[in-house]
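The sequence and structure come first, followed by the notes.

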Amino acid sequence: MRRLLAGNAAAVVLLLVVQPAASQGLDYPDSMAATGDSVTRAFNAGALPWTEAPWNSWSTGESRYVWSHYRRILAANPRIVLRNFNDARSGAKMSDLQRQVSLVNLQRVEYVTVLIGANDACASSEAAMTPVAEFRAQFEVAMGTLAAGSPDALVYVVSIPDVYRLWLILHENPEARWKWRLTGFCKSMLANPASTAPADEARRQRVRERIVQYNGVLADVCAEYVLCRSDGNAVFRYPFQPRHVSTRDYFHPSRDGQRALAQVTWSAGPLAG
């Protein structure tokens, strides 16, 4: 009897080891949508400069090189083919998320990624940044709309990248400084990029702290919903390198940056297993 019980226990252990991930409770979605801004639209990450390249998106892109969430799900669940919607909009702020999730609700998807808020901090000046209370109110409305219209969808909220690191790793690059002045991107952080004066450094730290506060809001509001998961600040903490930034504007992720973003978010996300 002891030998029989031992043999049965071994068989159960072996079954658990060889059983596919999906049968252990990991159910890959049949459809997905992405919300956000120019990062999710993969602006300046394609062959044609100063255009969007959504096929290189970290979330819904078809590129084998980037190996997006969509490509990873497709490898395990072919039913998702052509059911990848990119509803992000370049230049979007948190105030635009409500419109985006309303579109998501019409698409009846099972998985939604959210990466938005960088443009709320990357304003024309420090004073023009979105107040934290306003940011929270806008996100709460958008999440309520998404939960009401897509109650069974798994929502993955990704933290805003650390834009201060962008200045830190590239401010000594003359071409980067020239591009920042030319484009006017993120003046709240990137104005006077060559200056290390106390006033400029204090301003950069205040902008960084606003992003920290935004990320706290994203995690807090997400935690109120059973089917929402956040990345635990994985993207904010990721030490991206110059190769991850497009040399066309020294602001948006390059194709390598989109690939890194896909890997970091997937590893910290709800579908990683």
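In this predicted model, helices α4 (118-121), α6 and α11 (255-268) each supply at least two residues of the lining of the largest cavity. The largest share of that lining, 4 residues, is from α11. The structure holds 2 cavities of 30 Å³ or more.

**Largest cavity**

**Second largest cavity**
- The volume of the second largest cavity is about 30 Å³.
- Its lining consists of Asp37, Val39, Leu115, Ile116, Ala118, Ile160 and Pro161.
- Of these residues, 6 are nonpolar, none is polar and 1 is charged.

**Nonpolar cores**
- The largest nonpolar core has 47 residues, and Leu97, Val114, Phe139, Val157, Leu166, Trp180 and Leu190 have the most contacts inside it.
- Helix α9 (residues 198-222) gives the most to this core, namely 7 residues.
- A second, separate core has 21 residues, among them Met32, Val39, Trp58 and Leu74.
- Apart from residues up to four places away in sequence, Leu166 touches Trp180, Leu190, Phe240, Val245, Tyr250 and Phe251.

**Pairing of α6 and α9**
- The axes of helix α6 (residues 163-170) and α9 come within 8 Å and cross at roughly 145 degrees.
- From α6, Val163, Tyr164 and Trp167 meet Glu201, Arg204, Gln205, Arg208 and Ile211 of α9.
- This contact is made up of 4 nonpolar, 1 polar and 3 charged residues.

**Arg203**
- Arg203 is part of helix α9.
- With a relative accessible area of 11%, Arg203 falls under the 20% limit and therefore counts as buried.
- Beyond its neighbours within four places in sequence, Arg203 is in contact with Glu126, Lys187, Ser188, Met189, Leu190, Ala191 and Asn192.
- One of these partners, Leu190, is also among the residues with the most contacts inside the largest nonpolar core.

How values were computed
Residues numbered from 1 in each chain as written. Predicted model: local features only at pLDDT ≥ 70, side-chain atom pairs only at ≥ 80, totals over all residues. Heavy atoms only, no water. Core = buried A, V, L, I, M, F, W, Y, C linked by side-chain atoms within 4.5 Å. Buried < 20%, exposed > 50% of the residue type's maximum accessible area, 1.4 Å probe, protein only. Contact = heavy atoms within 4.5 Å. Axes fitted to C-alpha atoms, helices over the stretch in contact; angles between N-to-C directions. Nonpolar A, V, L, I, M, F, W, Y, C, P; charged D, E, K, R; others polar. 1 Å grid on protein atoms, 1.4 Å probe; cavity = no way out; pocket = protein on both sides within 12 Å on 5 of 7 lines; lining within 4 Å. Points joined across faces, edges and corners; volume = space filled by probe spheres on them.
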